[in-house]
Amino acid sequence: MVSGAQGEEWVRQLNAGQAVTVHLEDPKTARQVVYSPKNTNEGGLISTKSSWGLSWELEVKPQFGAPGQNILSTYPTARGSYKILSGTSMSTPLVAGVYALLAEARGTTDPKLLESLLSSTAKPANWYDGAFVSADSLAPVPQQGAGMIQAYDAAFSTTLLNVSSLAFNDSDHHVTQASFTITNLASHSVTYSLSHQNAGTVYASATSFNSSPSEFVIQGFPQSTTPHSATIRFSSSSITIPPNSNQTITLFPTPPSSPEVDPGRIPVYSGYILLTPTTTTSPPDPSPNQTTQGEGILRIPYAGVAVSMRSLPILSRDPTLFSLASWSERDRPVRTPNTTFTIPYPDLSVKPNQGQYPDSGIPYPTAFFSRVLGTAYMRLDIIPLEIFATHNTSSYPSILNITQVVLGVKTAGMAEGYPLAYYPGRGFTEDPFTGRLADGSVVPEGRYQFIMRALRIFGDRSKAEDYDSLTLPAFELRYRK
């Protein structure tokens, strides 16, 4: 490739009627040239490939950011010594190096203190949707955390905060007031004014689960945004802290609500608490983020969700994304109710939940589901509808008299491999049932149903109402003679 400036020069020459002759060297023998053009389009903004928070507990994550897109870095000598790479493979070692320098400069390895210093002095970037940069709106906290780390400012800050972020949780657990402590390490008093910087609200879903449950899905980047966000009230709008002293500020957040935002689309609001120094007594500092040596604008990122997370479905209601299927059929076409599946009797010599991956050539009855959200606990129960009388009932222990009731449903037990704890993210679940249960027993021939139950976020796994569940059509299970 060539630089943009070189290309423009060739175009000018061609337009002027000049001939342009280009000699291309063999890449295997050509010399390597390092060219570092300025990125005037996306430089300093959040990469569109960067992963988003919040955590499932709605804590503020990511915490802060570092350069990680199109980074010239070292590479194995046999493969060229240098390469342009992207991702956390680039940003993580940079942050690790900053942590080491910060620990040396501050004389401490306290992880909470170092995190707070980097978070409070970080510099937020403006919202960038992959095509346009907003001049008056910051990127959401779930995308960038506190912003780009500023190593120098963190090393020499004379003001410490005891928190690195504030989580206001969801509408069921909304934090009505929160506090943080400001410590002044300077040799003089410092006055800070407190204010709120809005980072807008982003919708996690393109459609509302209230109006379109079958279309509800977490949307990809860039998400829809709305300027409506939280309002913050402070116990004091200004505070003066004597040298080597600390004081506590209390704030009272109010999340955005309907009709400004649609709770069915999972509105995630966020912003920053700003501490701006209004008195200066030290020489000016060259860092652009500072007003005086060690005294600069400090920020505390916050975020919350303006909906009950427990009310959100975990399993997709799209009728094309949950079905009874056959394991041996490609693309898992939907099977009609009462389909008979004839399968080999399970190998009891293999320990429960440690069996071989089911043979794709065997038509095992298969539960096909799609998850919209992650879940802390998921179970696939086998519901007995009718037990067939067979000539070898001695092969089936007391399962013939199924009486256990779990979470309000009579069940033979969970399918082998279940339950699944902390099942991450979104995606498909395809589970063939070999006839064997999680406890190692085998169900007799009969008619059964699958019921998938996924614990809702913040749900109690002992309460049936805290599960999102879907039941598939009945099927008939037979074993080969």
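I count two rings of Phe, Tyr or Trp as a pair if their centres lie within 6.5 Å. The model I am reading is predicted.

**Aromatic pairs**

I searched the whole structure and found 13 aromatic pairs. I looked at Tyr 152 and Phe 156: the ring centres are 4.8 Å apart and the planes meet at 45°, so I logged the pair as tilted. Both residues belong to helix 5 (residues 151-156), where a spacing of 4 residues puts about one helical turn between them. I noted Tyr 152 as partly exposed, at 37% relative accessible area, and Phe 156 as partly exposed too, at 41%.

I then turned to Tyr 448 and Phe 475, another tilted pair, with 6.4 Å from centre to centre and 35° between the planes. Tyr 448 is in strand 26 (residues 446-455) and Phe 475 in strand 28 (residues 475-479), so this pair ties together parts 27 residues apart in sequence. Tyr 448 is buried, at 0% relative accessible area; Phe 475 is also buried, at 0%.

**Charges over rings**

I checked Tyr 75 and found Lys 83 over its face, 5.4 Å from the ring centre. Over the ring of Tyr 203 I found the charged end of Arg 265, 4.1 Å from the centre.

I traced 4 strands in an open antiparallel sheet, ordered 5-7-12-10. Strand 5 (159-161) and strand 10 (231-234) are the edges, each pairing on one side only. I noted an average twist of 30° from one strand to the next. Strand 7 (residues 178-184) and strand 12 (residues 245-254) pair over 7 bridges, and Ile 182 stands opposite Gln 247 of strand 12.

How values were computed: Residues numbered from 1 in each chain as written. Predicted model: local features only at pLDDT ≥ 70, side-chain atom pairs only at ≥ 80, totals over all residues. Heavy atoms only, no water. Pairing = 2+ DSSP bridges. Helix = DSSP H or I, 4+ residues; strand = E, 2+ residues; numbered from the N terminus. Axes fitted to C-alpha atoms, helices over the stretch in contact; angles between N-to-C directions. Phe/Tyr/Trp six-rings, centres within 6.5 Å; stacked < 30°, edge-to-face > 60°. Buried < 20%, exposed > 50% of the residue type's maximum accessible area, 1.4 Å probe, protein only. Lys NZ or Arg CZ within 6 Å of the ring centre and 35° of its normal.
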